[in-house]
Amino acid sequence: MTRIIAGRAGGQRLKSVPGSATRPTTDRVKESLFARLDAWGMCEGARVLDLFAGSGALGLEAASRGAATVTLVERAAVAAAVCRENATLVAASCPDTKITTVQSAVAGYLGRAAHHRWDLVLADPPYPLDNAELARTLSRLVGRLGPGGVIAVERSTRTEEPAWPRGLRRFEDGEHGETRLWFLEADDDAAAGTSDAD
């Protein structure tokens, strides 16, 4: 059982995805992640995309901290159902946040949502997903970040740093136990071509 750490829905317990296929982010890692994001002013009023959402805990933490919209993308039907249940729990405390759950493969969703822009993208892919596939997925976000947008990627410390796709650059990272967080932003050329259109 995980929980919302802070914000409007702080303390709200969330349902977990049954079975061992989904690896939840620990509270320690989540606290570290959102401490940085809050310091950068990334949640309040943000358009947030949570990829490989699992139970939706990361995106819903952003909702609790004032995000304007949160989209949870999860392929597995069981996990997507848990996302919807947790979204309903959090929405009761966050009536001004629009929370949407999409049951879809990440690549398919990003292909269909070509006109969308996001301020914060949270990506916690399954550890077995190799770096090449992760880079291909992230390449679909090039030109899709709003001004000052950030992508936060969670990976195992046993995994080498991916070769980030052209158009994105790492500007910070941090290690927390068995987890490493990578923070990406648009490089200068990609940022110059980004529209603020929704």
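**Pockets, packing and loops**

The second largest pocket has a volume of about 250 Å³. A pocket here is an open set of points on a 1 Å grid over the protein atoms alone, with protein on both sides within 12 Å along at least five of seven lines; lining residues have an atom within 4 Å of a point. Grid points are joined across faces, edges and corners, and a volume is the space filled by probe spheres set on the points. Of the 14 residues lining the second largest pocket, T69, T71, K98, T100 and H116 are the closest to its centre. Strand 3 (47-51), strand 4 and strand 5 (98-103) each supply at least two residues of that lining. Helices (H or I, at least four residues) and strands (E, at least two) are DSSP runs, numbered from the N terminus. By class, the lining of the second largest pocket divides into six nonpolar, four polar and four charged residues. Ala, Val, Leu, Ile, Met, Phe, Trp, Tyr, Cys and Pro count as nonpolar, Asp, Glu, Lys and Arg as charged, and the others, Gly among them, as polar.

The model is predicted: local features need pLDDT of at least 70, side-chain atom pairs count only at pLDDT 80 or more, and totals for chains, interfaces and linings use all residues. Residues are numbered from 1 along each chain as its sequence is written, and side-chain values use heavy atoms, with hydrogens and water left out.

Now take the largest pocket. Its volume is about 710 Å³. It is lined by 34 residues, and the closest to its centre are F52, G54, E74, D124 and P126. Helix 2, strand 4 (69-74), helix 4 (106-112) and helix 5 each give two or more residues to this lining. The lining of the largest pocket has 18 nonpolar, nine polar and seven charged residues.

Contact means heavy atoms within 4.5 Å. L129 lies in the loop between strand 6 (118-123) and helix 5 (131-139). Between the C-alpha atoms of L129 and G146, 17 residues apart along the chain, the separation is 27 Å.

Next, the helix pair. The axes of helix 1 (residues 27-39) and helix 2 (residues 57-64) come within 11 Å and cross at roughly 45 degrees. Axes are lines fitted to C-alpha atoms, for helices over the stretch in contact, and angles run from 0 to 180 degrees between N-to-C directions. Helix 1 and helix 2 are therefore oblique to each other. Angles under 35 degrees count as roughly parallel, over 145 as roughly antiparallel, 65 to 115 as roughly perpendicular and the rest as oblique. K30, L33 and F34 in helix 1 meet A57, L58, E61 and A62 in helix 2. The residues of this contact are five nonpolar, no polar and two charged.

What lines the largest cavity? The residues are L33, L58, L122, A123, A152, V153, E154 and L181. A cavity is a set of points where a 1.4 Å probe fits but cannot get out. The largest cavity holds about 40 Å³ of space. Strand 7 gives the most to its lining, with three residues.
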